[in-house]
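Here are some notes to read with the model open beside you.

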Amino acid sequence: MTEFTLTMTNGVNASDPENWRLKSYERREGYAALKKIISDRISPEEIIEEVKKSALRGRGGAGFPTGLKWSFMPKQYEGEKYLVCNSDEGEPGTFKDRDIMRYNPHILIEGMLIAAYAMGVKTGYNYIHGEIWDTYLRMEEAIDEARAAGYLGDRILGSDFSFQLYNHHGYGAYICGEETALLESIEGKKGQPRFKPPFPANYGLYGKPTTINNTETFASVPWIIRNGGEKYLDLGKPNNGGTKLFSVSGHVNKPGNYEIPMGTPFSVLLEMAGGMRGGKKLKGCIPGGSSMPVLPGDVMMETDMDYDSIAKAGSMLGSGAVIIMDETTCMVKALDRLSYFYFEESCGQCTPCREGTGWLYRIVNRIENGKGCMEDLDLLDNIADNIQGRTICALGDAAAMPVRAMVEHFRDEFIYHIEHKKCMV
Amino acid sequence: MLSSESIKRIDREIAKYPGDQKRSAVMSTLAIAQEEKGWLATETMDFVAEYLDMPPIAVYEVATFYNMYDLEPLGKYKLTVCTNLPCALSGGNNAADHLKQKLGIGFNQTTPDGMFTLKEGECMGSCGDAPVLLVNNRRMCSFMSNDEIDQLLQELNK
């Protein structure tokens with residue numbers, strides 16, 4: 001198999017219980033980027049420029065250019081600014097940030113330190129998904145290690161740069177993965193998204209300028225600073241720089257996280273994940289987490305794993321969660337479960353989403369249970385249309401898109417369910 | 001109202017936030033309180049409100065919004081099984097069915113001996129380890145085949 005340059009998982013060994021520790025991280029060039037910035041007195045502007053050159057895009061799902069996001073933070077600002085890491089990984093199919101934090105926590109801390117330096121921020125929070133308590137404890141320990149070694153705290157490595165970092169533990173709400181809901185949650189409130197504008201760079205945590213990035217985004221930064229933005233870009237494709245972690249789940253022999261360069265063919269990733277379980281045929285694949293449109297297997301086999309290629313194929317790269325479904329999968333049942341999830345997790349703030357997700361779920365559920373009628377297919381489309389783009393945050397879109405794509409690509413199966421009152425697989 | 005051990009942990013959480021933003025610690029405070037008490041009674045939430053200088057209603061709002069808080073008494077062990085799509089493709093529903101059969105209860109029910117409450121969970125961000133289940137919000141169990149489930153129940157029943 002081809003050897004790839006790894007930017008986040010190089011030297012990471014999950015089976016070695018000491019591998020995550022500071023000492024091991026330092027042995028694999030850990031904190032070298034931070035030391036370089038401080039000893040060479042690299043300016044914040046240069047760092048942001050380097051990140052822009054790398055074409056690093058947000059790894060949480062939206063794919064927004066990271067360097068550009070950082071440049072939105074006000075430079076001359078009296079008072080506190082905040083840096084927040086979104087580790088509230090709850091998008092079905094996604095489990096990469098958990099592995100970064102439990103197996104390589106210091107790469108996240110170093111990435112946040114570099115970001116804080118570049119944006120003149122003194123305080124950061126890492127918001128960790130509620131269900132992964134062990135990982136939260138691991139991050140707490142890693143932060144203690146970094147603080148004891150002088151990488152975190154006041155006057156880091158003897159410089160004028162100070163940065164405090166704290167973990168915040170979530171407690172079970174998918175919506176908090178939405179960045180403004182996450183800020184509300186840190187403020188001790190219900191996680192309901194805020195209306196934008198104002199954007200967090202102007203009005204964020206406690207009303208102060210705030211930048212929020214995903215765990216993997218921060219984890220990508222140390223390599224960029226050590227090797228240069230252009231080299232990172234060259235690992236991937238133009239506009240799709242670097243490498244990315246893909247979480248492969250479902251009907252494969254070896255589910256797990258795989259770091260590959262952007263633009264790697266899907267077929268290579270599938271092979272890395274051990275191929276199809278039981279040698280079955282690939283029926284469909286959701287390439288970017290449950291909120292993204294499903295693609296038929298044959299389309300997927302021709303697609304490369306990067307933002308632009310997947311968009312061209314009709315879906316989105318999202319968080320890089322690749323859900324594999326073989327020929328035995330009932331797509332109506334699959335959609336039934338996903339629709340229930342969005343219904344359950346809608347925060348209830350916007351009427352189209354609060355009511356619409358329930359309608360979508362009930363209609364899909366009655367088709368699944370042999371009680372649907374032909375008009376339901378148009379009705380689903382109609383409801384999806386009335387949710388999409390009409391809510392404060394993207395959860396409405398996330399609920400609507402899978403419905404539309406499933407019905408579009410696997411319409412025959414839905415019709416069979418309605419006509420025969422049973423499943424065709 | 002809460003043990004000094006819990007208060008110590010809560011104070012460590014409060015110290016993470018700016019002095020005038022004590023309520024930021026409400027989520028962890030409620031989690032710690034639930035860990036000690038098993039569930040969140042109104043008196044417990046009122047205590048949290050007083051401790052963090054928050055209106056009680058603001059604490060209730062948080063406790064009812066996030067789904068890992070329990071507002072009713074439940075079994076000694078809460079078992080939450082993920083049945084979301086990626087887990088379902090790798091045996092999540094089988095794990096849930098096996099638990100239902102073994103315990104003789106359905107979702108949101110508690111065994112008559114008060115030992116187990118079964119819950120259906122949403123994505124725990126561990127889809128690669130499916131089937132996964134969570135014991136009392138804290139302990140994640142991975143690759144839960146029927147045998148693994150039997151062993152876990154045996155261990156918890158001791």
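Two strands count as paired if DSSP finds at least two bridges between them; helices (H or I, at least four residues) and strands (E, at least two) are DSSP runs, numbered from the N terminus. This is a predicted model, in which local features need pLDDT of at least 70 and side-chain atom pairs count only at pLDDT 80 or more, while totals for chains, interfaces and linings use all residues. Residues are numbered from 1 along each chain as its sequence is written, chains are lettered from A in the order in which they are written, and side-chain values use heavy atoms, without hydrogens and water.

1. Chain A has an open sheet of four strands, in the order 3-2-1-4 with parallel pairing. Its edges are strand 3 (164-169) and strand 4 (210-214), each with a single partner, so one side of each lacks a neighbour in the sheet. Strand 2 (residues 123-128) of chain A pairs with strand 3 over six bridges in the parallel sense, and A:Gly124 stands opposite A:Leu165 in strand 3.

2. A:Leu6 lies in the segment before helix 1 (22-27) of chain A. A:Leu6 and A:Thr243 are 237 residues apart in sequence, yet 7.0 Å apart in space, C-alpha to C-alpha.
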